[in-house]
Amino acid sequence: MKASTDYYHENSMFHASATEVMGTRLDMVILGIDRAKGDLLWQQCRERLEQLEAVGSKFKADSETTAVNRAEPLSIVTVSPLFGQLLTEAIGFRQPTRGCFDVTLGSCSAVEFRSPVELVVPASGLTIDLGGYLKGRAVDDMMAVLKSGGVTDAFIDFGGSSIMGIGSHPAGKGWPVSVTDPYSRRVLATFSLRDASLSTSGNTPAYNGHIVNPATGRIVSGNRLSAIVAREALVAEVLSTTWLVADEQLRREILPQFENVYNEFVYN
Amino acid sequence: MTDPSRRSFMRSLGVLAGSAAVLSTAPWLASCSADKQAAVTGERARIALIGTGSRGQYHLHNLKLIPHSEVVALCDIHQPHLDEASQLFPEAKTYTDYHALLDDPDIDGVIIATPLGTHARITLDALDAGKHVFCEKAMALTLDECKEVYERYKQCDNVLYYCMQRMYDEKYIRGVQMINDGLIGDVVGMRCHWFRNADWRRDCPDPSLERLINWRLYRETSGGLMTELASHQLEVCSWVTGKMPSKIMGMGDIIHWKHDAREVYDTVNVVYKYSDGRTISYESLISNKYNGMEDQILGSRGTMNLATGLYYLEEDNSRSGIKQLLSSVRESVFSAIPAAGPSWRPETADAYIPHSILDGVTHVNNGQSTIGADHDGSEDILASFCQACITGERAVNVVEEAYSATALCLLGNKAIEEGTTIDFPDEYKIPYMKF
């Protein structure tokens with residue numbers, strides 16, 4: 001991770017920016033804070049990001065996820081308690097999303113823990129991709145850091161697709177953000193984030209073919225975009241991914257399984 | 001044990017091959033689909049290697065990681081190389097005459113990693129012997145040889161692959177797909193270069209072996225920088241444009257490594273011009289490595305640098321959103337902050353921002369190895385060939401792409417030698433080519 005910080009005295013505004021974090025970039029803006037406090041909170045957020053990355057990033061050759069993905073079928077891999085906790089939580093979203101959100105791309109039911117720190121690799125091998133889950137978890141954890149530090153107004157943007165607004169922009173209520181069609185650049189919707197998180201998923205002209213339907217193993221192609229606003233970033237992440245692969249009927253079945261979802265749409 | 005990193009990459013190639021959009025960009029991946037990979041589970045192609053030098057041994061190391069292959073025979077006229085290879089596969093039979101190897105009915109496919117001057121002869125003999133063939137690039141030393149091999153291939157049913165590994169490199173496949181999707185706008189030109197600072201010589205234990213060991217330096221066996229390096233990069237240009245240049249001009253010389261008896265240029269500059277006016281600017285030299293290796297596709301809205309796995313946009317909106325937010329706070333303006341995608345307000349960029357073709361870490365070949373790089377597609381094209389030895393399924397367009405690229409290399413050398421602008425000769429055009 002490469003990081004830098006700025007401070008705007010006249011607005012008491014702290015801005016931290018990081019690249020090469022979970023394969024993307026991160027910006028965090030905190031209002032009504034002095035520089036030293038901003039640095040301290042950013043340091044705490046950064047430590048949490050590094051912990052999550054060390055465990056869950058598929059982009060790091062030495063992460064635990066990479067080690068598990070490389071493990072031989074039927075071997076037993078010793079993992080950290082954090083890894084066990086994250087994987088268990090991530091797998092837990094499979095059932096309420098009817099299999100549409102599956103960090104193991106279809107092998108969830110075969111994952112078995114012999115103990116909290118011992119994972120048995122299924123006979124078919126294991127490919128874990130915590131991608132969206134990890135970003136959502138990170139944003140929620142950063143929000144917890146900021147709230148415990150007394151922050152009332154802040155904005156977090158993780159890779160442009162996972163965004164959280166805490167409190168309000170100084171000139172209004174909440175943090176207004178718009179979602180645009182990456183192909184036509186037309187504004188599709190505008191949301192106000194006030195202690196809420198927006199997650200978008202979909203293909204872009206630059207990045208097409210990264211979303212795999214776990215049920216079929218096929219790539220979701222074409223111009224499709226989903227957006228979810230929810231209190232928790234993790235729920236928004238899980239559902240925005242789910243909304244790309246689930247049809248309308250399935251989405252109506254899945255929605256009641258989650259609380260504090262404020263807005264949702266799919267654009268085809 | 002199969003190398004797990006390999007196994008997972010083959011899996012991702014299978015996923016790639018499941019996408020119709022990817023297949024329209026790289027139709028040769030049709031034979032790599034997950035279903036087809038699964039269909040050969042438990043079967044093994046019986047593979048022979050002809051030419052056990054450094055590149056041949058690189059392939060042997062990769063073959064150890066390919067579960068559906070079995071190395072059954074090795075051949076070389078240089079005993080020390082044959083002995084080294086034999087240590088890697090002690091069970092494989094050894095030959096010093098490739099004709100004898102081709103007579104062995106228990107061989108499905110042969111890999112040819114011999115000097116360029118021998119590619120055509122051995123390929124033709126192997127096809128005639130009923131073997132499937134995987135040959136190193138370039139296709140052949142002369143255009144006539146290329147044509148002969150191409151025509152023989154069209155007449156037979158055998159599988160023939162050329163090691164144009166960029167065609168199987170995920171970042172190239174994705175990058176070309178992005179170009180086809182319009183990310184960088186209209187392709188207006190191409191700039192490819194490959195720079196090293198090394199004499200390109202191999203240790204030669206006995207002067208009598210000089211032309212055998214250092215075959216790359218002599219014209220009877222090598223086309224020099226054009227066939228050994230440019231062939232990969234010119235193939236990418238044909239792949240991206242779907243067209244062939246119609247005019248070629250170039251200059252080249254031996255400017256630095258003058259003090260041995262080499263015959264091939266150590267610096268070349270070649271310009272290829274398409275009928276619509278676009279050009280490929282190609283440059284290679286081996287006495288300065290500052291510029292490294294790059295394959296730049298220049299578009300009206302951006303630049304795709306396929307070799308480094310990065311692209312750059314002329315009008316880059318990716319960073320201005322957060323600046324817009326900071327400004328809105330400072331100016332007390334309450335307006336929606338565009339999120340998720342390229343809606344961010346344009347800014348005047350003072351520097352181009354690199355964007356990764358593949359999210360996260362990727363394997364980038366800096367072009368400095370004279371043997372081969374890891375994860376550059378070589379393993380995957382070889383794995384695909386081994387699978388084809390079992391199924392008999394040809395890889396769509398691989399031979400045609402190799403023919404086209406080799407023709408451009410050889411014509412580049414011809415243009416340098418003649419010192420004039422030459423037209424692509426009609427007699428070497430094949431139906432695949434569009435001008």
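In this predicted model, helix α1(A) meets helix α4(A) through A:L41, A:Q44, A:C45, A:R48, A:L49, A:L52 and A:G56 on the α1(A) side, and through A:L134, A:R137, A:A138, A:D141, A:M142, A:V145 and A:L146 on the α4(A) side. Sorted by class, the residues of this contact comprise 9 nonpolar, 2 polar and 3 charged. The two helices span residues 35-56 and residues 131-148 of chain A, and their axes, which come within 10 Å, cross at roughly 155°. Because angles over 145 degrees count as roughly antiparallel, α1(A) is described as roughly antiparallel to α4(A). The crossing of α1(A) past α4(A) is right-handed.

From α4(B), the residues B:R55, B:Y58, B:H59, B:N62 and B:L63 take part in the contact, and they meet B:S378, B:E379, B:L382 and B:C386 of α13(B). By class, this contact has 4 nonpolar, 3 polar and 2 charged residues.

The crossing angles of the two pairs are set out below.

| Helix pair | Axes come within | Crossing angle |
|---|---|---|
| α1(A) and α4(A) | 10 Å | roughly 155° |

In one of them, A:F93 and A:F258, the ring centres are 6.3 Å apart and the planes stand at 10°, so the pair is stacked.

As to confidence, chain B averages a pLDDT of 89, and 90% of its residues score at least 70. Over residues 1-8 of chain B, however, pLDDT stays under 50, and the model has 19 contacts beyond four places in sequence for this stretch. Residues 341-350 of chain B likewise have a pLDDT below 50, and the model gives this stretch 24 contacts beyond near neighbours in sequence. Where pLDDT is low, the predicted coordinates should not be read in detail.

Note on methods
Residues numbered from 1 in each chain as written. Chains lettered and ligands numbered in written order. Predicted model: local features only at pLDDT ≥ 70, side-chain atom pairs only at ≥ 80, totals over all residues. Heavy atoms only, no water. pLDDT = per-residue confidence, 0-100. Contact = heavy atoms within 4.5 Å. Axes fitted to C-alpha atoms, helices over the stretch in contact; angles between N-to-C directions. Helix = DSSP H or I, 4+ residues; strand = E, 2+ residues; numbered from the N terminus. Parallel < 35°, antiparallel > 145°, perpendicular 65-115°, else oblique. Left-handed = near helix turned anticlockwise from the far one by under 90°. Nonpolar A, V, L, I, M, F, W, Y, C, P; charged D, E, K, R; others polar. Phe/Tyr/Trp six-rings, centres within 6.5 Å; stacked < 30°, edge-to-face > 60°.
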